[in-house]
Number of protein chains: 2
Amino acid sequence: MTAEKVLLLIIDGVSDRPCPDLGNLTPLQAAHTPVLDRIAAEGVCGIMDTIAPGIRPGSDTSHLSLLGYPPREFYTARGPLEAVGTGIRMEPGMIGFRCNYATLDAAGKVSDRRAGRISDTTDLTRAIVDGVDLSEFGIGIQFRSGAGHRAALAFRGDGLGSDVSSNDPKHDGVSPPPFRALSNNPADQKTALALNSFVRQAEQILAGHPLNRDRQSRGLAPATTILIRGGGEMGAFPQFKERYGLSGSVIAAATLINGIGSSVGLRVVPVEGATGSSNTNLSGKVEAVLSELKAQDFVLFNIKGTDEAGHDGDALRKRDFIEKIDSAITPFLSIDGLLIVVCADHSTPCSIRDHSADPVPLVIRGDGVRTDPVRSFDEITCAQGGLNRVTGSALMPIICDMINRAEKYGA
Amino acid sequence: MTAEKVLLLIIDGVSDRPCPDLGNLTPLQAAHTPVLDRIAAEGVCGIMDTIAPGIRPGSDTSHLSLLGYPPREFYTARGPLEAVGTGIRMEPGMIGFRCNYATLDAAGKVSDRRAGRISDTTDLTRAIVDGVDLSEFGIGIQFRSGAGHRAALAFRGDGLGSDVSSNDPKHDGVSPPPFRALSNNPADQKTALALNSFVRQAEQILAGHPLNRDRQSRGLAPATTILIRGGGEMGAFPQFKERYGLSGSVIAAATLINGIGSSVGLRVVPVEGATGSSNTNLSGKVEAVLSELKAQDFVLFNIKGTDEAGHDGDALRKRDFIEKIDSAITPFLSIDGLLIVVCADHSTPCSIRDHSADPVPLVIRGDGVRTDPVRSFDEITCAQGGLNRVTGSALMPIICDMINRAEKYGA
């Protein structure tokens with residue numbers, strides 16, 4: 001009569017505002033979602049401020065909050081979490097950054113912030129790791145490729161800060177500015193100098209790399225520089241298993257989400273063909289979730305394509321992908337003893353093509369849950385549900401209570 | 001697709017409890033309000049604890065909270081805010097007080113706490129400003145008339161406290177007690193001594209003033225003393241424009257509301273005939289709002305007569321005035337790109353003739369807002385809305401998010 005295992009399905013950015021392309025319905029309202037609606041009908045619904053009312057969440061801060069790590073306490077920046085997600089072993093005190101391979105033109109201006117959406121940077125990354133030397137700063141570097149044009153960089157060394165500017169001009173046709181410290185702290189100044197040296201050395205290595213010559217010969221943009229942002233110092237994360245007594249896994253395409261999961265001690269399960277877009281290998285991810293649920297108490301399952309459709313302002317694609325998700329998650333309905341929790345990490349309204357603070361719909365379905373009259377999973381209907389309006393940092397305590405794993409406070 | 005400007009209409013104390021005179025409906029339920037109901041139907045509704053559940057708000061603390069200045073952090077007392085509202089330039093550290101002109105009888109007992117509701121005290125105030133000297137305390141004074149019998153007093157000087165008693169006995173037939181410090185702090189003792197000297201000197205000036213002799217000859221109560229309360233030290237308010245990136249105005253009859261608006265940097269727009277009662281120049285205020293909305297990003301529009309009717313326990317007058325308001329605000333419906341936010345600052349139930357902590361109804365209507373099934377603006381129906389129950393200090397963050405002016409927290 002009490003669920004024992006937990007599936008936390010975060011449909012990234014699925015929450016929206018009324019879309020004119022959908023007759024002023026939200027994509028969730030417009031989509032045909034028999035499975036999500038059945039979960040709503042059999043569960044308890046509500047709306048949720050993943051951080052706090054009116055606070056526009058990033059994907060990083062919202063996922064930390066949903067896992068019960070309040071970002072005001074645990075968030076430093078996206079860089080170190082991305083670094084963990086690429087497989088860099090970040091220890092507290094190390095400085096991490098997000099990177100893009102990018103293309104500079106002959107005048108040194110950015111001509112493509114994603115280097116022609118280059119897809120395999122393994123050889124370039126290996127050459128940089130082998131060739132760049134920051135020992136004059138007493139810095140050991142780790143540098144790893146992420147998905148597509150993405151990568152992550154980490155510095156280990158004494159007296160390093162993270163309050164530095166980015167060299168990413170964010171627009172084409174502009175030269176990357178040099179890094180500079182954003183404070184008078186010598187630690188930040190040292191990091192800025194080291195970053196400038198890193199990029200100079202990397203550019204020399206990239207300039208002569210055969211993979212780039214090959215790309216140019218095929219008319220593709222070469223990866224001639226590295227744009228670096230999101231620097232922060234890696235924090236110390238109490239481990240999920242110790243915090244909640246639950247073993248757990250994370251299944252996500254996004255490096256960031258895997259990095260957050262890994263930082264708190266969740267097992268990262270890579271899935272072939274998981275892209276973070278609506279062309280992702282959904283059935284492969286669902287298979288992986290089913291497999292993990294056999295061994296683990298808790299699985300965080302992030303599906304990212306909805307967020308991408310929101311950022312692209314494509315309400316129809318968002319609706320259609322929601323219908324694909326709905327169909328793909330059917331197998332979860334028949335797992336005994338499973339608490340199914342479905343929500344978003346934030347809204348990504350197609351009308352603003354970015355995250356918003358509008359509360360997200362939330363449903364919890366499983367043995368012992370109080371069933372409310374809500375029979376549809378969407379932003380408006382869930383507000384009528386039995387959970388009313390809750391905060392993201394309360395989700396894990398609520399989940400632990402529902403599976404009877406919460407500590408009693410008092411006697 | 002996203003609203004750009006904000007009208008925050010605060011119908012002061014409009015929120016109520018069931019009124020026997022209205023068949024146990026609230027005045028909002030009993031009133032015929034097609035405009036407010038249309039706003040509810042086209043918007044998203046909820047209920048709001050302007051400070052926190054169960055906390056009975058003052059008008060000062062609730063307005064601070066609704067503007068995003070949590071009163072636990074920013075509220076010192078009503079005096080300094082009233083002082084700002086009368087036009088005194090209060091700087092952080094100055095001590096401000098609310099004052100009434102009042103009448104003492106021959107035995108020195110209060111016979112009228114409002115000096116026969118005297119309406120023009122300009123000459124009396126000028127005489128006091130010219131005649132009172134607190135230089136023996138090292139204190140510079142500012143003293144200004146407010147509406148009717150009201151005034152405000154401010155002290156500037158070193159070593160002044162604000163933790164002092166009031167000389168307002170609150171009832172007729174009692175002598176005003178002398179001021180005394182409410183602590184052992186010499187700063188409070190100095191302020192108490194200075195207030196006693198201020199009142200002694202003011203009484204001498206008032207006793208011989210021709211305006212008072214004239215009033216007596218016409219059978220009107222003379223203003224023979226000043227009752228002083230609400231002392232507090234002026235705080236430092238981060239300015240609204242810097243906090244939210246929004247320029248703004250306030251349109252209100254009440255000195256207090258203008259003082260709060262002015263303290264946070266809103267432009268105060270006086271309106272001829274704005275009385276704070278149900279006889280106010282509503283159309284003039286609406287015209288002023290329409291005009292301000294052309295130039296400003298944000299307008300706070302306070303209508304006070306509903307609160308007065310609640311304090312008077314007059315449910316029928318409250319209902320009738322709500323209907324007047326409903327009609328007067330029609331022009332706001334047709335402004336493109338406007339986010340209309342309607343709420344109360346607190347409940348003022350006719351049954352208790354004072355403020356209560358009952359949550360107030362809230363509606364937000366504008367481009368991009370999620371529409372919920374609520375079609376009526378009242379205390380009960382709004383509780384079924386898509387916002388559920390929110391806190392006053394979250395209102396400005398929610399508003400900024402709705403107009404896409406919120407900062408993203410994280411990435």
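**Two chains, talked through**

Trainee: How many helices and strands does chain A have?
Mentor: Keep in mind that this is a predicted model. For chain A, the tally is 14 helices and 14 strands.

Trainee: And why call chain A as compact as a globular protein of its length?
Mentor: The C-alpha trace spans about 65 × 50 × 35 Å along the principal axes of chain A. Of its 411 residues, 56% count as buried, and residues 24 or more positions apart account for 71% of the contacts with a separation of 6 or more. The globule rule gives 22 Å for 411 residues, so chain A is as compact as a globular protein of that length, with a radius of gyration of 22 Å.

Trainee: What rotation superposes chain B on chain A?
Mentor: The superposition has an RMSD of 0.2 Å and a shift of 0.4 Å along the axis. The relation is that of a three-fold axis. The rotation itself is 123 degrees.

Trainee: Which element gives the largest share of the side of chain B that touches chain A?
Mentor: The contact takes 27 residues from chain A and 22 residues from chain B. On the chain B side, the elements giving two or more residues are E13, helix H14 (395–402) and strand E14 (408–409). That side divides into nine nonpolar, seven polar and six charged residues. Its largest share, four residues, comes from H14(B).

Trainee: Which residue of E14(B) is the bridge partner of A:Pro57?
Mentor: Here the pairing crosses between chains: strand E3 (residues 56–57) of chain A and E14(B) run parallel, joined by two bridges. In E14(B), the partner of A:Pro57 is B:Tyr409.

Trainee: Which strands stand at the edges of the eight-stranded open sheet in chain A?
Mentor: Follow the order, E10-E9-E11-E1-E12-E13-E2-E14, with mixed pairing. Each edge strand has a single partner strand, so one side of each is left without a neighbour in the sheet; the two are strand E10 (267–268) and strand E14 (388–391) of chain A.

Trainee: Inside that sheet, what is the bridge partner of A:Ile11?
Mentor: Strand E1 (residues 5–11) and strand E11 (residues 298–303) of chain A pair in the parallel sense over six bridges. In E11(A), A:Ile11 has as its partner A:Ile303.

Trainee: At about what angle does helix H2 of chain A run to E13(A)?
Mentor: Helix H2 (residues 34–42) of chain A lies across strand E2 (44–49), strand E12 (338–343) and strand E13 (360–365) of that chain. Its angle to E13(A) is about 65 degrees.

Trainee: How many residues of helix H10 of chain A are buried?
Mentor: The buried residues of H10(A) include A:Leu256, A:Ile257 and A:Ile260. They pack against helix H3 (59–66), helix H5 (78–85), strand E7 (150–156), strand E9 (248–251), E10 and E11 of chain A. Just after the helix, A:Gly265 takes a positive phi of about 95 degrees. H10(A) is largely enclosed by the rest of the structure, because the buried count is nine of the nine.

Trainee: Over to chain B. Which residues of E2(B) are buried on each side?
Mentor: In a regular strand the side chains alternate between the two faces of the sheet. Strand E2 (residues 44–49) of chain B is mostly covered, with six of its six residues buried. One side has B:Val44, B:Gly46 and B:Met48, and the other has B:Cys45, B:Ile47 and B:Asp49.

Key:
Residues are numbered from 1 along each chain as its sequence is written. Chains are lettered from A and ligands numbered from 1 in the order in which they are written. This is a predicted model: local features need pLDDT of at least 70, side-chain atom pairs count only at pLDDT 80 or more; totals for chains, interfaces and linings use all residues. Copies are superposed by least squares on the C-alpha atoms of residues with pLDDT of at least 70 in both. The radius of gyration is taken over C-alpha atoms; the globule rule is 2.2 Å times the number of residues to the power 0.38. A residue is buried if 20 or more other C-beta atoms lie within 10 Å of its own, exposed if 12 or fewer, and partly exposed in between; C-beta atoms are placed from the backbone. Two residues are in contact if their C-beta atoms, placed from the backbone, lie within 7 Å. Two strands pair if DSSP finds at least two bridges between them. Axes are lines fitted to C-alpha atoms, for helices over the stretch in contact, and angles run from 0 to 180 degrees between N-to-C directions. Ala, Val, Leu, Ile, Met, Phe, Trp, Tyr, Cys and Pro count as nonpolar, Asp, Glu, Lys and Arg as charged, and the others, Gly among them, as polar.
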